[in-house]
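Student: Can we go through this model together? I'd like to start with the pocket lining and then look at some helix packing.

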Amino acid sequence: KEEDFEIIDKKQLPDAAELRNEEKAKPEEGRWSAPILSLARKASENLALSYGSALKSASLVGLVSKPGSSDSPAKTSTRCHTMEERANLMNMMKLSIKILIQSALSLGRTLDSDFPPLQQFFVVLEHCLKHGLKVKKTFIGQNKSFFGPLELVEKLCPEASDIATSVKNLPELKTAVGRGRAWLYLALMQKKLADYLKVLLDHKHLLSEFYEPDALMMEEEGAVIVGLLVGLNVIDANLCLKGEDLDSQVGVIDFSLYLKETQDSDGKQDGGITAVLDQKHYVEELNRHLSCTVADLQNKIDCLEKTNSKLQEELAAATDRIGSLQEEQQQLKQQNELIRERSEKSVEVTKEDTKVELDTYKQSRQGLDEMYSDVWKQLKEEKKIRLELEKELELQIGMKTEMEIAMKLLEKDTHEKQDTLVALRQQLEEVKAINLQMFHKSQNAECSLQQKTEAISSFEGKTNEMMSSMKRMEERLQQAEKARQAAEERCNKMKQELAGRLDSCRQQMAQLDSKCSTLEKELKSEKEQRQTLQKELHQEKDATTLLKTELQQMEGLKKELRKLQDEKQQLKKVHEEQEQALQEMGLHLSQSKLKMEDIKEVNKALKGHTWLKDDEATHCKQCKKEFSISRRKHHCRNCGDIFCNTCSSNELALPSYPKPVRVCDNCHTLLLQQCSSNSS
């Protein structure tokens, strides 16, 4: 598998005698090529040792071909080659991390993107991530980049979402390699590079989609590299991604950095530098805590805005429900008016019918007086009929009870509507509770604002302390200048002996000037932070005022709801009064119907015929056919029996009915005979 680096074979390296001859031939080039040659010797020795150990381990595991084994020598050579690559990359990673930490600690400052050891560290890390990558074929061509597995970190660790979004929003990056390099830069600045890679290694089943099974990230060497990366949390890096061409950078390892002999820095640093660094770390921690609190406040404000929007939606829904209920009430009013009009019309019709029947009754009374003597004979029969009529009255009483049950059901419907109104009231109470919660949350926000003001006051105290320390440093500088003047007077006497000491004093003065400049920069940054915090305070005050106005609006809405409830109660009272009036009208109608039925029954009793009930007749009295849906029941208005339509299709005018009514065939013939006899 082709990679961006090559493995040096021991056979390709020149011997020591050849190197000496070349040094003699080119003495000028020997000054800078000597360390490279020494590195080459060390690398060849290390490679030979690693190659031998790899062969031994491969033979133990079963990778190297034995006389009785069936594996081909090509497979064993590729496996040994990959093991050598992993070992070499791990060793290079160790060297780059070690030199980066040593150089950063010796400088004692934040590292920029132009720092050579940091650049070489990113190059070596890129080689490690590229080792064993699978080639993905697309329509454009083959794609092989290490940004694919880094995108999985966003799904596995939600903290890395900020890095992914910032990388995607950079317009300068056009390739996956550039995005992967930017992602590594941002992770190192957050001091979470080791944590993110550890999350990837914990989910190797996901990495298998991107890496071969013998890749460095899939083996134990990946876990070792992640453990080495934990040491980089000591370093402070300030890397600027804007203006850098990360897409076209060539990742070539520069071995000249690793040839320099590392010197043990046993000398103690000055106390002033350590104090300034400690103060700087303390201020950074305070800034982190403040940023966390600001993020929490922003989350709370977002939650408050969401709850406000939900409350507004619920209020809109409640107003819609109230409007629908009012429309239903209007519909009920219209229905009540229609029922009232119908009842009035029916009462008028019944009155007219009663008048007509009274007129007919008066006309028939004259004929009935003549039949009065015959009626006394039929009193016994009428008593029996009266008993039957009492039974019918009992049945009518049962019908009346059924009507009462129907009225009760209507009352139940009204009770259910009242229950819905109670539920609406409960919802309003819940809205009130949510408003109280909003009020408490606003009070908590004001408390947090007070805490921020206290933090700002503490920052002002710290800035005052820094100013006092600056004054002390200036006093020290004045003392140093006085000492310098005394030293110059002495130097006139002893110039030759104290020349070296003057140089050391000048170096110390330069260091003090650099410290003063750094302190001034830090003061400027703290002032800027203070200004930003004041701006945030103003914004939060504006947010509190907005919340107060919204609370006032909510109170106005509550008052409107109360007014609507009062109007609803008034409408309920009017509705109940109308229902009572309708019930009274129904009672009057029922009484008038009972009176009419009594009059009809008296007329039937006087005639000597009985009115059969619908339940008593199942067959036609004349043709004896069974009644069904198609063959309906019809009463004869003369005899009171039940017939079918064919047997009762005739109509005649009776003395009790002014208009012609339905009569059966037998009654029709009898009445015609009577009429003919009377006319004769």
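Student: How do the residues lining the largest pocket divide by class?
Tutor: The lining of the largest pocket divides into 17 nonpolar, 16 polar and 16 charged residues, where Ala, Val, Leu, Ile, Met, Phe, Trp, Tyr, Cys and Pro count as nonpolar, Asp, Glu, Lys and Arg as charged, and the others, Gly among them, as polar. This is a predicted model, in which local features need pLDDT of at least 70 and side-chain atom pairs pLDDT 80 or more, while totals for chains, interfaces and linings use all residues. Residues are numbered from 1 along each chain as its sequence is written, and side-chain values use heavy atoms, without hydrogens and water.

Student: At what angle do helix 5 and helix 8 pack?
Tutor: Helix 5 and helix 8 pack at about 90 degrees with their axes 10 Å apart, the axes being lines fitted to C-alpha atoms over the stretch in contact, and angles running from 0 to 180 degrees between N-to-C directions. The two helices are therefore roughly perpendicular, a term for angles of 65 to 115 degrees.

Student: Which classes make up that contact?
Tutor: The contact (heavy atoms within 4.5 Å) has nine nonpolar, no polar and no charged residues.

Methods
Helix = DSSP H or I, 4+ residues; strand = E, 2+ residues; numbered from the N terminus. Parallel < 35°, antiparallel > 145°, perpendicular 65-115°, else oblique.
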